[in-house]
Amino acid sequence: METVVVLSGRSYRFRSLQVTEVVCVNRMLRAEYGDSYPYPLSAERLRRESVYVVCVDEQDEIVAFAKAEYRNPGFYEVGGLIIDPRHRVTGLGTAIVTQCITEAYRRGARMIFAEPVCYRSDHASQRLFLRLGFRHVAVELFKYPNIQKSFLGDQPETVTVGVLPPPDDLLDLGRPLFVPADYVRPLELLLGRGVAGSDRTLVSGPMPEVVSYQAVNFEGYLGSDFRDVPVNWPEAAHAIEAARAEGFLLSGIMPSFGRYAHGAAFDYLRLYRPPTGVRPDFDRVHVVETLRSFVDEMRTEHRRRYA
């Protein structure tokens, strides 16, 4: 793949990352996030199914990078966006992410998701993905440790989860959501529409297993644990309450992230359990206007459980 575009009077060329350029991209990531940045690219771990795009300027210097990583059949995660500060506010971020999305769809993506960061008070990453048609479906509080310590101190970084196509397309209105009564309002605030209804049909087949994700651990720094509960079955309510008894709290909904072997979709409720020893400061969690009421509900639940 190779594309040339003109932005703000400058000519940029997008092409696939070469293995020899991994060092350059990691240098850009460390310049943005600090020398302790724990998630660099690895030349040995580049996957053929994934999409890695660099942008070079008229001097053939790499000025931006983004990727769409293959996660499961039909699922790609866009991330790793980094832009040289001299080339920001030019539309370059939108352009390079669009290149990744286009190529991911060409390779068979059915759903594309992203984790825009929440440490910036200008919400630049979140707003970029909103402009591209993504919708927020979850806020993963305190997920990534040892990121942007000058902003966050010892508090792990929070990210949102954005999906494309948006949840109105992914949440089948025929699938019920069995959630605790006190989760109905937060989810309605998150999705911008109702989530309850007595006329909804049940999903056939047994409830799939709950999926647990261990906390990210970087040199002893821990992020939150996460748990996904299949939420379209009556048994979900018991599984959610059991998780809450273990200290898990609401993170959001993962629409159509579950798949049967025959391809039919179902939904997960995502829960998180914050790391011990970290006193969270919600004022360092910066989200766009449409997410603030939902994060306020998360703050209230956290205080009730951990105050």
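The legends below describe close-up views of a predicted model.

**View 1. Packing of helix H6 against helix H8.** Helix H6 (residues 181-191) and helix H8 (residues 289-306) pack at an angle of about 155°, and their axes lie 8 Å apart. Angles over 145 degrees count as roughly antiparallel, and H6 and H8 are therefore roughly antiparallel to each other. The crossing in which H6 passes H8 is left-handed. On the H6 side, the contact is made by Asp-182, Tyr-183, Arg-185, Pro-186, Leu-189 and Leu-190. On the H8 side, Thr-290, Leu-291, Ser-293, Phe-294, Glu-297, Glu-301 and Arg-304 take part. Sorted by class, the contact of H6 with H8 comprises six nonpolar, two polar and five charged residues.

**View 2. The salt bridge between Arg-185 and Glu-297.** Side chains of opposite charge can pair when their charged atoms come close. Here the side chains of Arg-185 and Glu-297 form a salt bridge, with an N to O distance of 3.0 Å. Arg-185 belongs to H6 and Glu-297 to H8, so the pair ties together parts that are 112 residues apart in sequence. Arg-185 is exposed, at 51% relative accessible area, whereas Glu-297 is partly exposed, at 25%.

**View 3. Packing of helix H2 against helix H3.** Two packed helices are described by the angle between their axes and the distance between the axes. For helix H2 (residues 92-106) and helix H3 (residues 124-131), the axes come within 10 Å and cross at roughly 55°. H2 and H3 are therefore oblique to each other. H2 passes H3 in a crossing that is right-handed. Gly-93, Thr-94 and Val-97 of H2 meet Leu-128, Phe-129 and Arg-131 of H3. By class, this contact of H2 with H3 has three nonpolar residues, two polar and one charged.

View 4. The side chains of Lys-143 and Glu-115 meet in a salt bridge, at 2.7 Å from N to O. Lys-143 lies in strand E7 (residues 135-144), while Glu-115 lies in the loop between strand E6 (111-114) and H3; the pair thus links distant parts of the chain, 28 residues apart. Lys-143 is buried, with a relative accessibility of 14%, and Glu-115 is buried as well, at 17%. A network of salt bridges links Glu-115, Glu-140, Lys-143, Asp-228 and Arg-270. In the whole structure, a search finds 28 salt bridges.

**View 5. The salt bridge between Arg-71 and Glu-69.** The side chains of Arg-71 and Glu-69 are joined by a salt bridge with an N to O distance of 3.1 Å. Arg-71 counts as partly exposed, at 39% relative accessibility. Glu-69, by contrast, is buried, with a relative accessible area of 16%.

**View 6. The surroundings of Asp-84.** Asp-84 is placed in the loop between strand E5 (75-83) and H2. With a relative accessible area of 13%, Asp-84 is buried. Apart from its neighbours within four places in sequence, Asp-84 is in contact with Met-28, Glu-61 and Val-63. The C-alpha atoms of Asp-84 and Ala-64 are separated by 6.1 Å, although these residues are 20 residues apart along the chain.

View 7. Most residues other than glycine have a negative phi, and most peptide bonds are trans. His-123, a residue other than glycine, has a positive phi near 55°. His-123 is found in the loop between E6 and H3 and is buried, with a relative accessible area of 13%. Phe-142, likewise not a glycine, has a positive phi of about 60°. Phe-142 is located in strand E7 and counts as buried, at 2% relative accessibility. The peptide bond that joins Leu-164 and Pro-165 is cis, with omega about 5°. Pro-165 lies in the loop between strand E8 (157-164) and helix H5 (167-170).

Definitions and conventions. Residues are numbered from 1 along each chain as its sequence is written. This is a predicted model: local features need pLDDT of at least 70, side-chain atom pairs count only at pLDDT 80 or more; totals for chains, interfaces and linings use all residues. Side-chain values use heavy atoms; hydrogens and water are left out. Axes are lines fitted to C-alpha atoms, for helices over the stretch in contact, and angles run from 0 to 180 degrees between N-to-C directions. Helices (H or I, at least four residues) and strands (E, at least two) are DSSP runs, numbered from the N terminus. Angles under 35 degrees count as roughly parallel, over 145 as roughly antiparallel, 65 to 115 as roughly perpendicular and the rest as oblique. A crossing is left-handed if the near helix is turned anticlockwise from the far one by less than a right angle, and right-handed if clockwise. Contact means heavy atoms within 4.5 Å. Ala, Val, Leu, Ile, Met, Phe, Trp, Tyr, Cys and Pro count as nonpolar, Asp, Glu, Lys and Arg as charged, and the others, Gly among them, as polar. A salt bridge is a side-chain nitrogen of Lys or Arg within 4 Å of a carboxyl oxygen of Asp or Glu. Buried means under 20% relative accessible area, exposed over 50%, partly exposed in between (1.4 Å probe, protein chains only).
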